[in-house]
Amino acid sequence: MALTREQIAMRVAKEFKDGDYVNLGIGIPTLAANYVPEGIDVMLQSENGLLGMGRYPTEAEVDADMINAGKETVTAITGASIFSSAESFAMIRGGHVDFTVLGAFEVDANGNIASWMIPGKLVKGMGGAMDLVAGAKNIIVTMTHADKHGNSKLLADCTLPLTGVNCITRIITDLAVLEVRDGAFHLTERAPGVSIEEIQAKTAGPLVVPDSVPEMVL
Amino acid sequence: MSGFNKVVDTYEQAMAGLEDGMTVIAGGFGLCGIPEGLIAQIKTMGTRDLTVVSNNCGVDGFGLGLLLEDKQIRKMVSSYVGENALFEQQLLNGELEVELTPQGTLAEKMRAGGAGIPAFYTATGYGTPVGDGKEVREFNGRPYILEEAITGDFAIVKAWKADTYGNCIYRHTAQNFNPMAATAGKITVVEVEEIVAPGEIPPSEIHTPGIYVNRVIKGSFEKRIERKVTAN
């Protein structure tokens, strides 16, 4: 069975190490914060200028001056820091953020990512995505393996305008976990009950399948 | 030391000198930390053909979105502009130009502009449409693109408190782009919730030193929330 959004988020959260500073994009990546394993502390960076983002506020705690990068009201954890956008992106572009998780329209076998612009549709902007993919040490892309028409999102070459080049090393989809290296996708795990054949059928770019591909543990 | 008193009493004084065709750098992230009264004053003045540099362009009917109503903005330099229908309409009509700029690059362009650095190299945007036509140079085997700094004829900034010398402090995430905007205006105007006497903000807690600030005005703020989300 293909994973649900929550299950993809659960698998993402297993990548976190104790002490990681993590930036989570909007959507499935944000859900990963709900599944951080017991005994692991991560600190969430929100690129509008908050390190140590906490939960959503109670009605009494709502403060218009306290928002996250998705412009939602939030709280700060004890030990958080707040700073300017330049400082925030110094952390990101300077490689100080350990982990970035973000969504994408397409990823290709050279680690290129397209996530912000579909020609012919209104372009709203890249926000901080280009900075994040250029700066983070470790980037995980979360997305469905194929679009709703069944077209693969894992390509030999991205067709859409890029967000960043040669920067994606790991992808977690509803079907599989893959590493990107040496111009190919390398299958490392498959979703429970999903066949290698289905993954092969839905991966348009070069795919390397090892002899044994374990099922994900969620 | 009245020469250091930056306080003005009216919005007319605060925005005096703003003319058609000028570039205005505005602080704020979404609707958080925006100089509401200064934006309203620009609307009142009816100044046109403005280039506005700001991470976003407000929403319909609030923030910088107000300046779209009478088509006062010719060009926006922003990282994300998806929040208002009027913006979309004017963009599609060709009445409005937009230069989409990665968020970190935008912050750094303002910071560099204020610091007298004309341009800088960054990996952000290399190999993407943002890098098209820009100089590329390799450092330690990695390609970077050259991005130019931004300065404004005016910078409009929202701070929590300022003293009469223009020393400012921001509150929570309403800081965002405001400190960089403050450095990058030929005339920097700060709208604050409270004006205090020099010395009331401890010197080491000041975010923006008064040297960057030309005018301070006390405003009153609606502080509209764009996405109110609460815990259950």
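This report describes chain A and its interface with chain B in a predicted model.

## Ground rules

Residues are numbered from 1 along each chain as written, and chains are lettered from A in the order written. In this predicted model, local features need pLDDT of at least 70, side-chain atom pairs count only at pLDDT 80 or more, and totals for chains, interfaces and linings use all residues; side-chain values use heavy atoms, without hydrogens or water.

## Chain A

Chain A has five helices and 13 strands. These are DSSP runs: helices are H or I with at least four residues, strands are E with at least two. The radius of gyration of chain A, taken over C-alpha atoms, is 17 Å. The globule rule (2.2 Å times the number of residues to the power 0.38) also gives 17 Å for 218 residues, so chain A is as compact as a globular protein of that length.

The C-alpha trace spans about 50 × 40 × 30 Å along its principal axes. Of the 218 residues, 54% are buried, meaning under 20% relative accessible area with a 1.4 Å probe, protein chains only.

## The interface with chain B

In chain A, 43 residues are in contact (heavy atoms within 4.5 Å) with 50 residues of chain B. The two chains bury about 3800 Å² between them, 62% of it on carbon and sulfur atoms. Buried area is the accessible area (1.4 Å probe) that two parts lose on being put together, summed over both. Asp65(A), Lys71(A) and Lys124(A) supply 20% of the area chain A buries here, more than any other three residues.

The rule finds five salt bridges across this interface. Each pairs a side-chain nitrogen of Lys or Arg with a carboxyl oxygen of Asp or Glu within 4 Å. Asp65(A) forms a salt bridge with Lys223(B), with the closest N and O atoms 2.6 Å apart.

Methods: Buried < 20%, exposed > 50% of the residue type's maximum accessible area, 1.4 Å probe, protein only.
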